[in-house]
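These exercises go through one protein structure step by step. Try each task before reading its solution.

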Amino acid sequence: RYGNSPSAQLSEQMDAALYLNHPYMRPVIGWKHEIKQLTREDAVSFYRRYYTPSNAVAVIAGDVTPDEIHELAQETYGALENGVEIGPRMRAAEPPQRAARRVAMEHAQVNLERWRRTYLAPAFSSAAPEVRAGLELLGQILGSGSSSRLYRELVIDRKVAVSARAYYAGRGLEYGEFVFHAVPADGVSLDQLETEIDRVIDDVMSHGVTDEELKRAKTQLIADLVFDQDSQSRMARTFGAALVTGSTVDDVINWPGDVRAVSADEIAALARDHLLLEQSVTGTLKRKAEAQEAG
């Protein structure tokens, strides 16, 4: 899922700290020491068990009719045998989280220090329409692009960061995440950067967002969906991602209306409800002192 860079390793360790019980605490392909023990038969057995038509979603976009696709799907997938019938998912749930966690990493290959925080959030498929649309809008307002709160206040106005962004990642099957990350400007410590980010978050919780911010965020989110419909591949990917993570076709179709219905008061309430330190892990990435001295 992440790769081998220091930043990727930090994200991996933060997931391990964020989830106390759920399998999302583990990397998608597993930990390195576990992978080393896998055999070819393990891989083949996994493939035969889970890579079956009963555990798949096929999305077709283009100049075709449902009857044509049904016939083609029967010819292609109907000839395959299901290795096993996939039953209901019995997944571990997260217990109540009552303590903020921190992960501090140092690495010789780090050139730019980084600060990151991840909050546990509802998954898109399990959240009410106003919650998932509101969290997307909150991410757009706080941290998407040069007009966002974080970028304007931290990069342009206060000059304490060279980059700063936030976003809602809600496409997990059971849980989603709300993520912040930033790179400090020269001479700015990670502690100072964190204080400034917390100030921006607290301000949204206390005073909400402006009508202009909300209007701009709604316009952007709806435009993104419209642009996706201009591309057959992006449109197929949008529906496919929704279907494999528990959402429905109607959820995608109703998305613009859900976004339009969110109020500024709801945005502030969602920030207060979900940006809770006890449901978060904060990570820092620094260069090793030995490497700095050697350089």
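Buried means under 20% relative accessible area, exposed over 50% and partly exposed in between, with a 1.4 Å probe and protein chains only. This is a predicted model, in which local features need pLDDT of at least 70, side-chain atom pairs count only at pLDDT 80 or more, and totals for chains, interfaces and linings use all residues. Residues are numbered from 1 along each chain as its sequence is written, and side-chain values use heavy atoms, with hydrogens and water left out.

**Exercise 1. A residue in a helix**

Decide whether A271 is buried or exposed, and list its contacts outside its own stretch of sequence.

Solution. Start with the location: A271 is found in helix α12, residues 264-274. Helices here are DSSP runs of H or I with at least four residues, strands are runs of E with at least two, and both are numbered from the N terminus. Next, take the accessibility: A271 has a value of 1%, so it counts as buried. Then look for contacts, meaning heavy atoms within 4.5 Å. With neighbours within four places in sequence left aside, A271 is in contact with L138, V204 and M205. Finally, compare sequence with space: A271 and L135 are 136 residues apart in sequence, and their C-alpha atoms are 8.1 Å apart.

**Exercise 2. Packing of two helices**

At what angle do the axes of α5 and α8 cross, and which residues meet?

Solution. Two packed helices are described by the angle between their axes and the distance between the axes. Axes are lines fitted to C-alpha atoms, for helices over the stretch in contact, and angles run from 0 to 180 degrees between N-to-C directions. The axes of α5 (residues 129-143) and α8 (residues 211-228) come within 9 Å and cross at roughly 110 degrees. The two helices are therefore roughly perpendicular, a class that covers 65 to 115 degrees, with under 35 roughly parallel, over 145 roughly antiparallel and the rest oblique. From α5, the residues E136, L137, Q140 and I141 meet E213, L214, A217, K218, Q220 and L221 of α8.

**Exercise 3. The whole chain**

How many helices and strands does the protein chain have, and what share of its residues is buried?

Solution. Count the elements: there are 13 helices and 5 strands. Then take burial: of the 295 residues, 39% count as buried. Last, the C-alpha trace spans about 65 × 50 × 35 Å along its principal axes.
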